[in-house]
Amino acid sequence: NTLDRIAEALGVLFYALVQPPETPDSARIDELAWAGAHPDSHARLLASKPARNEVELWAWSLAPGERYDSPADPSGWQEMLVVTAGTLTLWIEAQSRTIAAGDFHVFTSDRDHAYANETDAPLRFIRNVIY
């Protein structure tokens, strides 16, 4: 809360205060932003993207061998993915990226993309769509 007020007073976005200087892209910040009294209590800011009109939060699960193909979104759309169980293979056009449980990825979704479970274990992930 204090950092939010400082950012507002400085006229900058919150992530600019916690993002390491050597990481200029807000798509992968991954920095501790709050710590409680107990070591298991903490919050990490993973990524930040500005939103113009709409934000959608999705909970996905894909069985082994399942794939969802998505056409390109309009220009300006972004996606934030957080894998909570299993391993996601994200296809963006002809290139793939593997995202394991506990990891995340942020990308511009104005290209054809697909979510695939190419393993023998169930897959669960959170998808945040931003425009």
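**Ground rules.** I number residues from 1 along each chain as its sequence is written. The model is predicted, and I keep local features at pLDDT of at least 70 and side-chain atom pairs at pLDDT 80 or more, while totals for chains, interfaces and linings use all residues, and side-chain values use heavy atoms, with hydrogens and water left out.

**Entry 1, the cores.** I looked up the nonpolar cores (sets of buried Ala, Val, Leu, Ile, Met, Phe, Trp, Tyr and Cys residues joined through side-chain atoms within 4.5 Å). Buried is under 20% relative accessible area, exposed is over 50%, and partly exposed is in between, with a 1.4 Å probe and protein chains only. The largest core has twelve residues: Trp 60, Leu 62, Leu 81, Val 83, Leu 88, Leu 90, Ile 92, Ile 99, Phe 107, Tyr 115, Leu 123 and Phe 125. Strands β3 (55-62), β5 (78-85), β6 and β10 each give at least two residues to this core. The largest share, three residues, is from β6. I take strands as DSSP runs of E with at least two residues and helices as runs of H or I with at least four, numbered from the N terminus. A second, separate core has five residues, among them Met 80, Phe 104, Val 106 and Ile 130. In soluble globular proteins, nonpolar side chains tend to be buried together.

Leaving out residues up to four places away in sequence, Leu 90 touches Leu 81, Gln 95, Ser 96, Arg 97, Ile 99, His 105, Phe 107, Ala 114 and Tyr 115.

I found four salt bridges in the structure. The test is a side-chain nitrogen of Lys or Arg within 4 Å of a carboxyl oxygen of Asp or Glu. Glu 79 pairs with Arg 127, with the closest N and O atoms 2.9 Å apart. Glu 79 is in strand β5 and Arg 127 in strand β10, so this pair ties together parts 48 residues apart in sequence. Both Glu 79 and Arg 127 are buried.

Arg 44 pairs with Asp 30, with the closest N and O atoms at 3.0 Å. Arg 44 belongs to strand β2 (residues 42-45) and Asp 30 to the loop between α2 and β1, so parts 14 residues apart in sequence are tied together. Arg 44 is partly exposed at 43% relative accessible area, and Asp 30 is partly exposed at 27%.

Asp 69 pairs with Arg 67, with the closest N and O atoms 2.8 Å apart. Asp 69 is partly exposed at 48% relative accessibility, as is Arg 67 at 41%.

Asn 117 sits in the loop between β9 (113-116) and β10 (123-130). I count Asn 117 as buried because its relative accessibility is 1%. Ile 29 is in the loop between α2 (15-18) and β1 (31-35). Ile 29 is also buried, at 3% relative accessibility. From C-alpha to C-alpha, Ile 29 and Leu 45 are 6.5 Å apart in space and 16 residues apart in sequence.

Glu 93 is in the loop between β6 (87-92) and β7 (95-100). Glu 93 is exposed, at 52% relative accessibility. Its phi is near 55°, a positive value in a residue other than glycine.

Note on methods
Contact = heavy atoms within 4.5 Å.
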